[in-house]
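Thanks for coming. I will talk through one model this morning and keep to the geometry.

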Amino acid sequence: MGSVQPEYKNQATATLLELVKSRRSYYGLKAESPVSDDVIESIVRDSVLHVPSSFNTQTSRVVLLLKEEHQKVWDIAIQAMEGLVAAGHVPKEQFETSTKPKLNSFRAAYGTVLFFVDFDSLAPIKEKFALYADKFNPFALESNAMSQFLVWTALESEGFGANLQHYSPLIDEQITKTWDLPASWKLDAQLVFGTPTAEPGEKAFAPIEDRFKVFGK
Ligand SMILES: Cc1cc2nc3c(=O)[nH]c(=O)nc-3n(C[C@H](O)[C@H](O)[C@H](O)COP(=O)(O)O)c2cc1C
């Protein structure tokens, strides 16, 4: 964006930033994987283990779902939306022409990573640092978002496309039940990934000068 490419001391820095720049939201995805499931598992596991959290509280919980297990997430979402249609909360026409095709496009992908936060596990530290008590929940979400970004970027580096979804609380109960997860795991986001079938859309950038300042250079 108009800036000169600096000379990084470590080539890996340039590579990292290139990956950050090329990460996009891909919505056209198919149920094929460019890599082994072990590679995917390793990316997700490393994100859980190494992404930082406030006071090292390690509040993120993550579930990796592949193939048929991944499809169940989107069957749950479709069923939940059908419930809203039946109850008159969502127009049937809107569901059939927009919502259902969108949910089926997620279902057509290869996998979903479910990102949760265990807010209950923060009880002792909230008591210990009462002054910051109200900060710990947002910190936990921020840490979770860091994992989401890392997994998103790493999966795309391996040839996947991915998009980030938020169907909580609509699907929470069935998700917890289906995979017998602890009740304290609160769902935050769902990262859908698969082999891209379409390029991402155009992306506009607000002027960087309005968003970033540097002093003392
Ligand atoms: C915190 C956050 C929440 C998002 N939630 C959704 C979502 O619920 N559904 C969706 O389709 N995209 C969602 N997105 C994707 C954004 O719309 C997308 O990242 C943004 O438009 C920039 O496009 P890009 O990802 O291609 O760079 C979310 C992104 C972020 C960072």
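A word on conventions before that. This is a predicted model, so local features need pLDDT of at least 70 and side-chain atom pairs count only at pLDDT 80 or more, while totals for chains, interfaces and linings use all residues. Residues are numbered from 1 along each chain as its sequence is written. Helices (H or I, at least four residues) and strands (E, at least two) are DSSP runs, numbered from the N terminus.

Start with helix H3, residues 67-86. Its 20 residues should span 28 Å at 1.5 Å a residue, and its end C-alpha atoms are 29 Å apart, which agrees. The expected span of a helix is 1.5 Å times one less than its number of residues. The buried residues of H3 are His70, Val73, Trp74, Ile76, Ala77 and Met81. They cover an arc of only 140 degrees around the axis, so they sit on the same side of H3; the arc is that of the directions from the helix axis to the C-beta atoms. In general, an α-helix has 3.6 residues a turn, so residues three or four places apart point the same way. On the other side of H3, Lys67, Glu68, Gly83 and Ala86 are exposed. By buried I mean that 20 or more other C-beta atoms lie within 10 Å of the residue's own, by exposed 12 or fewer, and by partly exposed anything in between, with C-beta atoms placed from the backbone. The buried residues of H3 pack against S2, H4, S3, H7 and S5. Just after H3, Gly88 has a positive phi of about 80 degrees.

Next is H6, residues 136-157, which has 22 residues and reaches 32 Å from its first C-alpha to its last, close to the 32 Å expected. Its buried residues include Phe136, Ala140, Val151, Trp152 and Leu155. Among the elements covering the buried residues of H6 are helix H2 (37-50), strand S4 (161-165) and strand S5 (185-196). Just after H6, Gly159 takes a positive phi of about 105 degrees.

What does the largest nonpolar core look like in numbers? It has 35 residues, and those with the most contacts inside it are Ala77, Val151, Leu155, Ala162, Leu191, Val192 and Phe193. Such a core is a set of buried Ala, Val, Leu, Ile, Met, Phe, Trp, Tyr and Cys residues joined through C-beta atoms within 7 Å. H2, H3, H4, S3, H6 and S5 each give two or more residues to this core. Leaving aside neighbours within four places in sequence, Leu155 is in contact (C-beta atoms, placed from the backbone, within 7 Å) with Ile43, Phe160, Ala162 and Phe193.

Now the loops. Gln58, between H2 and S2, has a positive phi near 50 degrees. Gln58 is partly exposed, with 16 other C-beta atoms within 10 Å. The peptide bond from Ser168 to Pro169 is cis, with omega near 5 degrees; Pro169 lies in the loop between S4 and H7.

Last, which residues are around the ligand? They are Arg24, Ser25, Asn163, Leu164, Gln165, His166, Pro200 and Lys203, each with its C-beta atom, placed from the backbone, within 6 Å of the ligand. Lys203 lies in the segment after S5 and counts as exposed, with 7 C-beta neighbours inside 10 Å.

Note on methods: Contact = placed C-beta atoms within 7 Å.
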